[in-house]
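Keep the sequence and the structure side by side as you read.

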Amino acid sequence: MASIQATDRRTSGTLPVYSPPSRARRLLTAIWRERVMYVFILPSVLYFCVFNYLPLAGNVIAFQDWSPFSAAREGPIQGFLVGPWVGLQNFRDMFSDPDFLTALSNTVQIEILQLLFAFPAPLALALLLNSLVSEKVKRTMQTIVYLPHFLSWVIVISVWQQFFGGTGFLNEILHDLGYGSVNIMQNPDIFKPLVVAQGIWKEVGWGTIIFLAALTKIDVSLYEAAVIDGAGGWRRMRDVTLPGIRPIVVLLLILTIGNAFSVGFEQYFLQRDAVGAEASEVLDTFGYFRGIQAGDYGFATAVGMVKSVVGFVLIVVANWLAKRFGDEGIL
Amino acid sequence: MATRQNLTDLSASAAPPAIVRAATGSRRQRRKLAPWMEDTPLWLRLLKGLTLVLIAVSMLLPFVHVVAVSFSSAKDVIQGGFTIFPRNPTLESYRVLLSGGTVLRSLCVTAGVTVVGVAVQLTFTTMLAYGLSKPGVPGSRFFLWIVLGAFLFTPGMIPVYLLVKELGMIDSYAALFVPGLVSAWNLIIMRNFFMNLPQELLDAARIDGASDFGVFWHIVLPLSKAVLAVIALFMGVALWNTFFAGILYLNDASKWPIQVVLRQYVLEGAAITSAADFAPDQPPPPAKSLQMAMVVIATFPILLVYPFLQKYFTKGVLTGAIKG
């Protein structure tokens, strides 16, 4: 202030007084200068608000007794606001609902099988491919295993159906060899291993590419040093390769665990008629049939919320564990 | 070279490890082994080869079989047997499917939704990515957090469904691509790419009097052709594979995309009705061939763009982005 007053005295009356623009004014100027950029930004930001954050707020119907009938009476938006509040009733109902418990148990079983078999599969394949000397073989294999990742589940299930189904390829061969037929696609007892196998078939290439990228980033001089120290193949795998890809393995593991309650929708929906709801219902399909088909919106939203809250908690816990064991984690 | 020298020194002084003793010989050089690699024993190489062949066969054989069945005539299907090569190949199934009816219509619907969807999604994503990549825009950090928040907090199926319903988009094609208009994932990849462009170039254009839009249109977009093409491809694959949105939002069967129709005919076993006439002098193609021809047709566009997707991935540009 003092210096400005001093300037005032020297220039009194002759020149306009300079005063630095205020913070708010500077901000307004900057906003005006960048006005075109808001034309770029705001439409998509509006999209996120409408299609992401508005439905997030819409989750409140999990605490309401909300059905299409009450919606018709009140209108959906008013329904959100004045819908009959039932507190945690929907959540309590869930755990006395046998269909929900079936879906929950199926989901957990499938997730455990996936963690045991589908998670290590691409890691094993990546290690195998990485040990190959020929770049050509490596590339060809990647091209082959990666293809199903881009196909829809409808196509994948159709192909499996044609291959393993009642009148499919496998049974034709068994028939020609004089054996009876096997029922793979419609057998509720083996449905869970079946979906895990389908998942591996479709997605193993995707995981392999990620692991391979990490493997190629390992410094070759580490291997050379290990050899000089007399380390054999297994020893190098244990002490160089695996520590080298550990961060990406941990990262993917955390993400997999976080998705524990969302094993997917399409794969189970598509095979539901073939094996029955008892074996194939998972939380996602349960939510769809209860909510969209039966119109029990409040209850189905509550199921969805449990799913995402548990997923979030699992991510945080897995992340905390990873950090405790000295890894970086994602959060 | 230095390493090889070290290894030789080592072998001269101490008891040489087996590796070093094996480190000479023409077969090694033929196989281009790095100096430190030991020669893999024959049995292990055979085992690896066998495993790879098994994996490749298990991936490819089902497709070969599906293609074979799609070309089979009624006679082949009745005779049965190992259908890897149909004995009397025919294009009849394809002719029937592509000459009209539900399947052709759903193909047109899906192609249209894919093209329009990619155009709209790419426009929105590119513009937001550019807007968030320019430094010095007040509030851009806040907007970025809005986008990142969509990563962490995704709304459930029911609230989104109710919203789409409330917006009057049930039974409209827009419902297939508007709810997923901007993917936070694609946005981050694209923004990273824009931020790594040489900023001096952009500044130079601005000093020369180019407007924000001019810089975007004449500098940023031409420099980003590759990443735009690939993100467009990924969007296209996702839109072509649209199934769940079709089930969820389209009650009108005449608007169904190909994946929903495929499920109806192949997995639910609905009879394929076609406006096309079956050729009068031949027996109609068997249901199985028709179904598999449909699978092949639905897969074909993906196969068409697959080399480009694959090339990009082996380059590791996206995997680089994944690793942050």
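B:Met235 is buried, because 22 other C-beta atoms lie within 10 Å, and a residue needs 20 or more to count as buried. The model here is a predicted one. B:Met235 sits in helix H14 of chain B, which covers residues 225-240. What does B:Met235 touch beyond residues up to four places away in sequence? The partners are B:Gly117, B:Val118, B:Gln121 and B:Leu122. B:Phe177 is 58 residues away from B:Met235 along the chain, yet their C-alpha atoms are separated by 9.8 Å.

Step back to the whole of chain B. Its secondary structure is 18 helices and zero strands. The chain has 324 residues, and 35% of them are buried. Take the contacts between residues at least 6 apart in sequence: 70% of these join residues at least 24 apart.

Chain A can be read the same way. Here, too, there are 18 helices and zero strands. Of its 331 residues, 37% are buried. Among contacts with a separation of 6 or more, residues 24 or more positions apart account for 65%.

Now bring the chains together. The contact involves 80 residues of chain B and 70 residues of chain A. Which helix gives the most to the side of chain B that touches chain A? It is helix H4, residues 42-70, with 12 residues. That side of chain B holds 54 nonpolar, 17 polar and nine charged residues. For the complex, the predictor gives an ipTM of 0.84 and a pTM of 0.85.

Next, the nonpolar interior. In soluble globular proteins, nonpolar side chains tend to be buried together. The largest nonpolar core in this model has 132 residues. Those with the most contacts inside it are A:Val303, B:Leu128, B:Met190, B:Leu262, B:Met294 and B:Val295. Helix H12 of chain A, residues 191-216, supplies the largest share of this core, 12 residues. Apart from it lies another core, of six residues, including A:Val250, A:Leu251, A:Ile254 and A:Ala322. Go back to A:Val303 for a local view. Neighbours within four places in sequence aside, A:Val303 is in contact with A:Met94, A:Phe100, A:Leu283, A:Phe286, A:Gly287 and A:Arg290.

One helix of chain A deserves a separate look. Why is helix H15 of chain A, residues 266-275, largely enclosed by the rest of the structure? Seven of its 10 residues are buried, so the helix is largely enclosed. The buried residues are A:Glu266, A:Gln267, A:Tyr268, A:Phe269, A:Leu270, A:Gln271 and A:Val275. Within chain A, they pack against helix H10 (153-164), H12, helix H16 (277-280) and helix H17 (283-293). From chain B, helix H15 (244-249) and helix H16 (258-267) pack against them too. Just after H15 of chain A, A:Gly276 takes a positive phi of about 90°.

Finally, consider confidence. Chain B averages a pLDDT of 82, and 81% of the residues score at least 70. Two stretches fall under 50. Residues 1-16 of chain B stay under 50, and the model has 13 contacts for them beyond four places in sequence. Residues 319-324 of chain B are also below 50, with seven contacts beyond near neighbours in sequence. Where pLDDT is low, the predicted coordinates should not be read in detail.

Definitions and conventions: Residues numbered from 1 in each chain as written. Chains lettered and ligands numbered in written order. Helix = DSSP H or I, 4+ residues; strand = E, 2+ residues; numbered from the N terminus. Buried ≥ 20, exposed ≤ 12 C-beta atoms within 10 Å, placed from the backbone. Nonpolar A, V, L, I, M, F, W, Y, C, P; charged D, E, K, R; others polar. Core = buried A, V, L, I, M, F, W, Y, C linked by C-beta atoms within 7 Å. pLDDT = per-residue confidence, 0-100.
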